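I set out to record what I looked up in this structure, entry by entry.

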Amino acid sequence: MIILVTGGASGLGESITRRLAAGPDDVVYFTYYRAEQKAKQIEADFTNAFGLKCNFKDENDVARLKGAIGEFKPDVLINNAYFGSFMKAHFHKIPADDFLLEFKENVIPTLSITQAAIDCFRKKKRGKIITILTSALVNIPPAGAGTYVANKAYLGKMTKVWAAENSKHNITSNTVSPSFMLSAFTKDIDERIVDQVRESNPLKRLLTTQEVAETVAFLTNAPDHINGIDMLINAGSAIR
Ligand SMILES: NC(=O)c1ccc[n+]([C@@H]2O[C@H](COP(=O)([O-])OP(=O)(O)OC[C@H]3O[C@@H](n4cnc5c(N)ncnc54)[C@H](OP(=O)(O)O)[C@@H]3O)[C@@H](O)[C@H]2O)c1
């Protein structure tokens with residue numbers, strides 16, 4: 001398989017890239033922005049992994065990536081990259097322009113890259129889209145995380161549209177919703193809150209990026225009958 005992982009050189013994305021590149025028959029393309037050193041290290045560790053620099057804030061970079069998708073023709077797209085902050089402020093204190101900016105910089109590039117992948121998958125008559133959401137979509141949204149959770153909810157609904165519109169072309173679209181993991185995205189969260197999250201987890205430990213990568217790897221090989229589903233990874237701390 002030929003796989004594309006966005007944000008695949010750091011955090012959860014790095015674990016996904018490394019897990020998938022360990023399959024010697026697969027070729028893994030991954031995007032990075034700031035994590036150039038990590039990208040080089042992954043390329044040094046795996047002869048079947050190739051980094052592509054792409055800043056989602058730069059329309060030319062995104063257009064270049066879409067062009068590259070048409071050339072290396074992936075079988076699997078993993079929408080992982082997301083930046084901004086998990087916690088901002090309570091909703092009523094956020095300037096309206098901030099909602100638009102975070103949407104424009106994160107959601108629009110993800111939609112645009114997915115369109116290029118679907119064009120390619122339709123020509124190949126097969127393909128898999130796996131999108132990383134968040135377990136914060138289940139139950140009560142964490143205070144201060146409104147922008148993040150709402151953007152993920154928007155993406156979550158779009159992933160269902162991709163599933164519905166493309167199932168007859170052997171294209172699936174599924175999502176993975178992890179609970180809290182230690183990464184650059186969560187590094188500013190107060191240690192006391194991290195301790196509370198750990199204590200409230202039924203397993204009394206935090207989810208690791210490697211565990212999520214294992215779930216993503218499962219979906220890359222899952223039967224086409226698995227379509228439009230969300231894999232919630234939260235140790236059963238909230239059940240829907
Ligand atoms: N950590 C958690 O608790 C948690 C829980 C649930 C879901 N998630 C989701 O998991 C995914 C990965 O997050 P993470 O925890 O691994 O956080 P992270 O380490 O901050 O990863 C964010 C990724 O986005 C990329 N990125 C940042 N700025 C970018 C830009 N301007 N253009 C393109 N890519 C850019 C980063 O690439 P570079 O490093 O190369 O810049 C990085 O690979 C996200 O979708 C996040 O919402 C995280």
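Entry 1, the pairing of S5. I began with Ile130, which stands opposite Asn174 in S6. I noted that the crossover from S5 to S6 passes through helix H5 (residues 146-166) and that this β-α-β unit is right-handed; that is, with the strands pointing away from the viewer, the path from the first strand over the helix to the second runs clockwise. S5 and strand S6 (residues 171-178) are parallel and share six bridges. I took helices (H or I, at least four residues) and strands (E, at least two) as DSSP runs, numbered from the N terminus, and two strands as paired if DSSP finds at least two bridges between them.

The model is predicted: local features need pLDDT of at least 70, side-chain atom pairs count only at pLDDT 80 or more, and totals for chains, interfaces and linings use all residues. Residues are numbered from 1 along each chain as its sequence is written, and side-chain values use heavy atoms, with hydrogens and water left out.

I found four bridges between S5 and strand S4 (residues 76-79), which run parallel. Leu77 has Ile129 as its bridge partner in S5. From S4 the chain reaches S5 by way of helix H4 (residues 96-124), in a right-handed β-α-β crossover.

I read the strand order as S3-S2-S1-S4-S5-S6-S7, an open sheet of seven strands with parallel pairing. At its edges are strand S3 (49-53) and strand S7 (230-233), each pairing on one side only.

I counted six of the six residues of S5 (residues 127-132) as buried, meaning under 20% relative accessible area, with exposed over 50% and partly exposed in between (1.4 Å probe, protein chains only). Gly127, Ile129 and Thr131 point one way, while Lys128, Ile130 and Ile132 point the other.

Among the buried residues are Glu14, Ile16 and Leu20.

My search of the whole structure returned zero disulfides, a disulfide being a pair of cysteine sulfur atoms within 2.5 Å. The sulfur of Cys120 has its closest cysteine sulfur in Cys54, 16 Å away, and this is too far for a bond. Cys54 counts as buried because its relative accessibility is 4%, and Cys120 because its relative accessibility is 7%.
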